[in-house]
Amino acid sequence: MAAKQKTLHDAFYETLKDVYYAEKQSVRALKKSAKSAEHDELRQAFETHAEESAVQVERLQQVFEIIGKSARAKTCEAMQGLTAEMDEDLEDFGDSPAADAVLIGCAQAVEHYEIARYGTLKTWASQLGYEDAAKLLDETLQEEKKTDELLTQIAQSINVEGSEEAGTEDEAGTEDEAAPRKKGVKAESESKAKSKSKAE
């Protein structure tokens, strides 16, 4: 017997389960990001969006109800990869002036993934005749876009601060303890310069 052909409804349901998992992971990642953030404005943005994301999870549960399915999560490998990358970056840059900038980069990667997924789900919901579901998904989509824009605004000021600090240290000729790799490179170049001087 031939397998049943998959439909757009199947694609919608599977993607909905994927996003349900991703959104739950997002709530955890945002809370962790809020604790790690140095700047108050960034910390507040993460805390606010964590609360929004909890409501977004509830909206997804409503969408499951609308299509007559129980709310189930399916492991989202994309979100697992994004959160793993965030953990790695926090470990690498946690004590550096660039920590918050890197944190924003990770958060925006998550936002962009969610924007893409919610946009797709909204379109499919409309095509399948689930207008109430489309409205709920659009509400979340708009929140994700606003958060992305806010993070961009915060990043512009944070990145400037980080680059200014780095520039001041280089001009003053001081060594940055938080950046051992940079320190090593500088020491190596000084050593080469001395060797060249002696040779001459």
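What average pLDDT does the protein chain have, and what share of the residues score at least 70? The protein chain averages a pLDDT of 83, and 78% of the residues score at least 70; pLDDT is the predictor's confidence in each residue, on a scale from 0 to 100.

## Model and confidence

Over residues 165–200 the pLDDT is below 50. Beyond near neighbours in sequence, this stretch has 11 contacts in the model, a contact being heavy atoms within 4.5 Å.

This is a predicted model, in which local features need pLDDT of at least 70, side-chain atom pairs count only at pLDDT 80 or more, and totals for chains, interfaces and linings use all residues. Residues are numbered from 1 along each chain as its sequence is written, and side-chain values use heavy atoms, with hydrogens and water left out.

## Overall fold

The secondary structure of the protein chain comes to six helices and zero strands, in the order α-α-α-α-α-α along the sequence. Helices (H or I, at least four residues) and strands (E, at least two) are DSSP runs, numbered from the N terminus.

Of the 200 residues in the protein chain, 36% are buried. Buried means under 20% relative accessible area, exposed means over 50%, and partly exposed lies in between, with a 1.4 Å probe and protein chains only. Among contacts in the protein chain with a separation of 6 or more, 78% are between residues 24 or more positions apart.

## Cysteines

How many disulfides does the rule give? The count is zero disulfides, where a disulfide is a pair of cysteine sulfur atoms within 2.5 Å.

Cysteine 76 is buried, at 1% relative accessibility. Cysteine 106 is also buried, and its relative accessible area is 7%.

Rolling a probe the size of a water molecule over the atoms shows where empty space is left. The structure holds one cavity of 30 Å³ or more. A cavity is a set of points, on a 1 Å grid over the protein atoms alone, where a 1.4 Å probe fits but cannot get out; lining residues have an atom within 4 Å of a point. The largest cavity has a volume of about 70 Å³, the volume being the space filled by probe spheres set on the points, with grid points joined across faces, edges and corners.

The lining of the largest cavity consists of Ser26, Ala29, Leu30, Ser33, Phe46, Met86, Ala107, Val110 and Glu111. These residues divide into six nonpolar, two polar and one charged. Ala, Val, Leu, Ile, Met, Phe, Trp, Tyr, Cys and Pro count as nonpolar, Asp, Glu, Lys and Arg as charged, and the others, Gly among them, as polar. Helices α1 and α4 (99–127) each supply at least two lining residues, and α1 gives the most, with four.

Serine 33, one of the lining residues, lies in helix α1 (residues 8–36). Serine 33 is buried because its relative accessibility is 2%. Not counting residues up to four places away in sequence, serine 33 touches Phe46, Met86 and Leu103.

## Tyrosine 118 and leucine 141

Tyrosine 118 is in helix α4 and is buried, with a relative accessible area of 1%. Leaving aside neighbours within four places in sequence, tyrosine 118 is in contact with Val19, Glu23, Gln56, Leu60, Leu137, Thr140, Leu141 and Glu144. For leucine 137, 19 residues away along the chain, the C-alpha separation from tyrosine 118 is 6.2 Å.

Leucine 141 belongs to helix α5; at 6% relative accessible area, leucine 141 is buried. Outside four places in sequence, the contacts of leucine 141 are Ile115, Tyr118, Gly119 and Lys122. Leucine 141 and alanine 116 are 25 residues apart in sequence, and their C-alpha atoms are 8.8 Å apart in space.

Is isoleucine 158 buried or exposed? Isoleucine 158, in helix α5 (residues 131–172), is buried because its relative accessible area is 3%. Isoleucine 158 touches His39, Leu42, Asp100, Ala101 and Ile104, not counting residues up to four places away in sequence.

Alanine 98 lies in the loop between α3 (77–93) and α4. Alanine 98 is partly exposed, at 28% relative accessibility. From alanine 98 to isoleucine 158 the C-alpha distance is 8.2 Å, and the two are 60 residues apart in sequence.

Terms used
On a 1 Å grid over the protein atoms alone, a cavity is a set of points where a 1.4 Å probe fits but cannot get out, and a pocket is an open set with protein on both sides within 12 Å along at least five of seven lines; lining residues have an atom within 4 Å of a point.
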